[in-house]
Amino acid sequence: MQPEVRTYLEKVRSHLYLRADVEKQLITELNSHLQQKIDDLTSQDCPQEEAVRQAIFSFGEAESVARLLYEACCKGSWADALKFSLPHLLAAVIFASAPFHKVPVLLPVFVLFILVSLAGWLHGKPDWLYCWVGYTLLPLLAGCFLLLPVTGRFINALFGSGSFSSWGALIATIGYYILSACVLLNVSLHAIKRDWLLASLMLAPLPIISCWLYHMQQAGGFFTGADIEELNQPVAQALIVLAFTAAVFVRLRQRVLKAGVIVTVLMISMMVVGQSLWGNIGFFGALGLSLFSLLVFIIPAVTNAAIGHGEPLLKTP
Amino acid sequence: MRSNSSSLLHGNTDMLILGMIEELGSAHGYQLMKEMETRSKGFFRLKEGTMYPLLRKMENEGLLEGKWEATSLGPERRCYLITAKGKEFLNFRKASWRDFTNAIDLVCKANTI
């Protein structure tokens, strides 16, 4: 393959954001077309260099070809839409029925999330997998909030007047935070390599549930009782909206629309959840929560710009 | 493609591609591109990169079936065959197109009288 053709096809691939096997097929097909065109042109006495240049030029701009190919291949079926929505709906049911002080109810649900994620991971990593994986990260996040008092006491001792003696607990807490960050980072990087928009969708429930976890922690802990059960309802409602968003995401073809849907829904959901949890949060409170929710969109986008999408298909000789 | 043929072709490319594949039995993207240009005497000249999104879209919609074909020289080629659903769709589009052109003819004739 000519270096110019390789560069062009690699540029197309880097903008495809499809599954690796689909991308490989498409690139093979485009390469076949370009090679035939070059052969035709050279058989008409066109110099090789000029033939390559003409073949690439007549194929069109790489980004635009990739965008059209993505739009042609990305639309999922209604069954896919259901698979994307199901984890959000399941989580919404959990929040609506509020069994957080009943560990025997929560455990099977969490095991289900883990099993579905594992099954997806071992069977070709379909796109719907990432929505399920997002929820398997929640216990890690919950652990971080549970351990907040330990770090809180240490910070108080450091900057205030109190004394601190639980050094073992502090070291265990820091270890847990590092481990959680590593797991979150690894999973997120994997999702971003596949498609940063999918990674955003995967991470979308985290800021909403983080607000709830923080509020729960402030209200006295997770397994304490029913006083704050009514506060689960706005989270449940936000997760139902997220389920519809995931279904719309699957059925849309244009990436800009997919991104727009995620950002809009996430910002509005966060403001509604914040308002319900903390009362009148005001303009700056709403703005802060919106910006916080945008992190799950901006971080994958920026990371993608730095590390790129997928693995290069075409190795240099 | 000539300047004003772009808008005329818009929305009808799928019909042209399906029609050619039905006639040829099976065809790959490059072949379809050349056939379209030759048959239309250069009137329809698509930007080549737009052919494959169309083929993939029609394949995903079940109008075409793609198969890989080994070649003696160069990389594998993907050939497309029309499905029963594709034939049905093509007949529907041809009938709509005939109705449309008949209506245009009737209006234009009426204007010239």
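**Close-up 1. The pairing of B:Glu69 with B:Arg77 in the sheet of chain B.** In this predicted model, in which local features need pLDDT of at least 70, side-chain atom pairs count only at pLDDT 80 or more, and totals for chains, interfaces and linings use all residues, B:Glu69 stands opposite B:Arg77 in β3(B). Residues are numbered from 1 along each chain as its sequence is written, while chains are lettered from A and ligands numbered from 1 in the order in which they are written.

**Close-up 2. The open sheet of chain B and its edges.** The three strands follow the order β1-β3-β2 with antiparallel pairing, where two strands count as paired if DSSP finds at least two bridges between them. Because β1 (27–28) and β2 (64–69) of chain B stand at the edges with a single partner strand each, one side of each is left without a neighbour in the sheet. Two bridges join β1(B) to β3(B), again in an antiparallel arrangement, and B:Ala27 stands opposite B:Tyr80 in β3(B).

**Close-up 3. Helices packed on the sheet of chain B.** Helix α2 (residues 13–24) of chain B touches β1, β2 and β3 of chain B, and its direction makes about 90° with that of β3(B). Helix α4(B) lies across β2 and β3 of chain B and runs at about 115° to β2(B). Axes are lines fitted to C-alpha atoms, for helices over the stretch in contact, and angles run from 0 to 180 degrees between N-to-C directions; residues are in contact if their C-beta atoms, placed from the backbone, lie within 7 Å.

**Close-up 4. The contact between chain B and chain A.** This contact takes 16 residues from chain B and 18 residues from chain A. On the side of chain B that touches chain A, α3 (29–39), α4 (51–60) and β3 (77–82) of chain B each supply at least two residues, and the largest share, five residues, comes from α4(B). The residues on this side of chain B divide into four nonpolar, five polar and seven charged, with Ala, Val, Leu, Ile, Met, Phe, Trp, Tyr, Cys and Pro counted as nonpolar, Asp, Glu, Lys and Arg as charged, and the others, Gly among them, as polar.

**Close-up 5. Two helix pairs of chain A.** Helix α5 (residues 78–97) and helix α13 (residues 232–251) of chain A pack at an angle of about 180°, with their axes 8 Å apart, which means that α5(A) is roughly antiparallel to α13(A). Angles under 35 degrees count as roughly parallel, over 145 as roughly antiparallel, 65 to 115 as roughly perpendicular and the rest as oblique. The contact of α5(A) with α13(A) has 17 nonpolar, four polar and two charged residues. The axes of helix α7 (residues 129–136) and helix α11 (residues 196–203) of chain A come within 8 Å and cross at roughly 40°, so α7(A) is oblique to α11(A). A:Tyr130, A:Cys131, A:Val133 and A:Gly134 of α7(A) make this contact with A:Leu198, A:Leu201, A:Met202 and A:Leu203 of α11(A).

Technical notes. Helix = DSSP H or I, 4+ residues; strand = E, 2+ residues; numbered from the N terminus. Contact = placed C-beta atoms within 7 Å.
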